[in-house]
Amino acid sequence: MSRQEPIQEMICISCPLGCHLSLYKNDKDELSVTGNKCARGIVYAEEEFYAPKRIVTCTCRAESRILPRLPVRTNASLPKEHINDLIKAAYAMTVKPPVACGQVLIEDFKGTGVNLIASMSLGDGH
Amino acid sequence: MKELHYDVLIIGAGAGGLAAAVEVSKHDTSCALVERESHLGGILVQCIHNGFGLEEFKEELTGPEFADRQVQQVLASNVDVYTDTTVTQLDADGDLKEAYCFSPAYGVLKITAHAVILAMGCRERNRGNIRTPGTRPAGVYTAGLAQRLVNIEGYIPGKDVVIVGSGDIGLIMARRMTWVGAKVHAVIEIQPYPSGLTRNIVQCLNDFDIPLYLSHVVSRIEGKDRIEKVRVCPLANGIPDEDNSFDIPCDTLLLSVGLVPENELSKEAGVQINPQTNGALVDATMMTSVDGVFSCGNVLHVHDLADWVAEEARRTGRYAVAYLRDERPKRQIRIKAGANVRYINPTMLDPDNPDKLYFRSLIVKNQAKLHLKLDHNPVKEVKISHVQPSEMLHVKVKPKDVASWNIMKDSVLEVSVE
């Protein structure tokens, strides 16, 4: 297997180390990974190969005198193909205070099981 | 003029000031926390991306969430918080330090304290600092200012963006500008390697096919009222190769070209500055050259992680409380930045209470080794899998390390990387 060419090379983003990963496939179509310094590298490589995901952070409009934008984020990594639609949905939304940090703003986006949540509290007084 | 007295005064309520305040309040000590903005949390509030808190809170948080956790701790403590309050002068010569503050609520306010912790953070280097030739049109922003406009104020600075500098703020803003509908045409980096974390290169540039030009500079800014284009010039052996330069049309240029500790107040108070860090010179207890004045976080030296700022600030809070109780180190030895080390903080070590040292490498290397030498004799060696100038490193000197050292009054501990 070691003489085989890797089918893909990537850099792990699980932590700041940034391991250079090489992905190989055997005749049974099973994936193997080299270059990882820990087990998270294998999980990352498999996810990145079959279905890449990212945490998304952006803002939505807030009906607030002092804070025009409320920061929001996904509560888990979202499949990449849904990122642009999620961002559009967030920008189209207006939230009214009070909002609690962690409050769900969009539930189960497009059946992915991923929620959009507020990442800051906005009290009534705002 | 209203006058107030506290045991400890903390200036700045970002990641550092908040962590220091929580620590100070745990020791039955009165504490004032003064912040010039109307909100607590400092710059964290505009850093809406994730990547914070893995060490401090053992989970991945965004900047506002990280700040929120710290703020809840402060509000649950006996710390008195003064927002919208700017310290304009610090007189720190005597035993009783005097800070003159301005606030809409109190007018002029004088706060006296036996110990002061400086936690004012840093500010961005701008076009003047990197001396970019050309015209002076609108549309040139520092990356952090653009981040504030987009994430807090809700304004988009422009549609066709070029970013100078591949530090983490520049990379994060490349993704952020793309996600608000702008086109980021390039990131230009003067060094032959990226200055931000590799994971940010992947998730902020590669994900969006944004080109990164290493060993390139913006050699000219052009445009009459608004910026119209930049000239990008490759460096050949460090010298600009104008023949191979090219233009990139743009309406916005974001500068992510480093941070400078904000020490005007410290300097006026007589605090001695370390030219390597632009922050205070501090001893083993994070105390500056002015007795009873401490410094921590980005005003001491620019950190990569808010988590490390909080950790350093907590220690500083503890040392300030010890100072109030007259618990000072019995002896301290000098720490010297040796081969391939740009600086080390703090610059003194208390052999009876050794602690964490933060430092930066001057070289890029895999499988590097950190050497500690006491008066030229090797005393400790640590393997580090990867070093580069943009990533801060740390080493913890343990009491059991020091136990076998032959420490003299004028001993010097040298830290080097190979």
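Contact here means heavy atoms within 4.5 Å. The model is predicted.

**View 1. The contact between chain B and chain A.** Chain B contributes 25 residues and chain A contributes 28 residues. Together the two chains bury about 2,200 Å². Carbon and sulfur atoms account for 59% of that area. Three residues lead on the chain B side: Glu65(B), Trp179(B) and Arg199(B). They supply 28% of the area that chain B buries against chain A, more than any other three residues.

View 2. One of the residue pairs to show is Lys80(A) with Asp207(B), which form a salt bridge. Their closest N and O atoms lie 3.1 Å apart. On chain B, the elements that give two or more residues to the side touching chain A are α2 (63-75), α4 (143-153), α5 (168-179) and α6 (198-205). By class, this side of chain B holds nine nonpolar, eight polar and eight charged residues.

**View 3. A five-stranded open sheet in chain B.** The strand order is β25-β23-β30-β27-β28, and the pairing is mixed. β25 (348-349) and β28 (377-387) of chain B are the edge strands. Each has a single partner strand, so one side of each lacks a neighbour in the sheet. β23 (residues 333-337) of chain B runs antiparallel to β25(B), and two bridges join them. Arg334(B) stands opposite Met348(B) in β25(B).

**View 4. Domains of the two chains.** In chain A, the assignment gives domain 1 (8-50) and domain 2 (57-118). Their centres, taken over C-alpha atoms, are 30 Å apart. Chain B is divided into domain 1 (2-123 + 260-328), domain 2 (126-257) and domain 3 (336-417).

**View 5. Domain 2 of chain B against domain 3 of chain B.** The centres of these domains, over C-alpha atoms, are separated by 36 Å. Five residues of domain 2 are in contact with five residues of domain 3. The buried area is about 340 Å², with 55% from carbon and sulfur atoms. Tyr193(B), Ser195(B) and Leu197(B) supply 80% of the area that domain 2 buries against domain 3, more than any other three residues. The salt bridge count between the two domains is zero. One residue pair is in polar contact, both residues at pLDDT 80 or more. The side of domain 2 that touches domain 3 has three nonpolar, two polar and no charged residues.

Key:
Residues numbered from 1 in each chain as written. Chains lettered and ligands numbered in written order. Predicted model: local features only at pLDDT ≥ 70, side-chain atom pairs only at ≥ 80, totals over all residues. Heavy atoms only, no water. Buried area = accessible area lost by both parts, 1.4 Å probe. Salt bridge = Lys/Arg side-chain N within 4 Å of Asp/Glu carboxyl O. Helix = DSSP H or I, 4+ residues; strand = E, 2+ residues; numbered from the N terminus. Nonpolar A, V, L, I, M, F, W, Y, C, P; charged D, E, K, R; others polar. Pairing = 2+ DSSP bridges. Domains from an automatic or database assignment. Polar contact = N/O pair within 3.5 Å; in protein donor to acceptor, adjacent residues only side chain to side chain.
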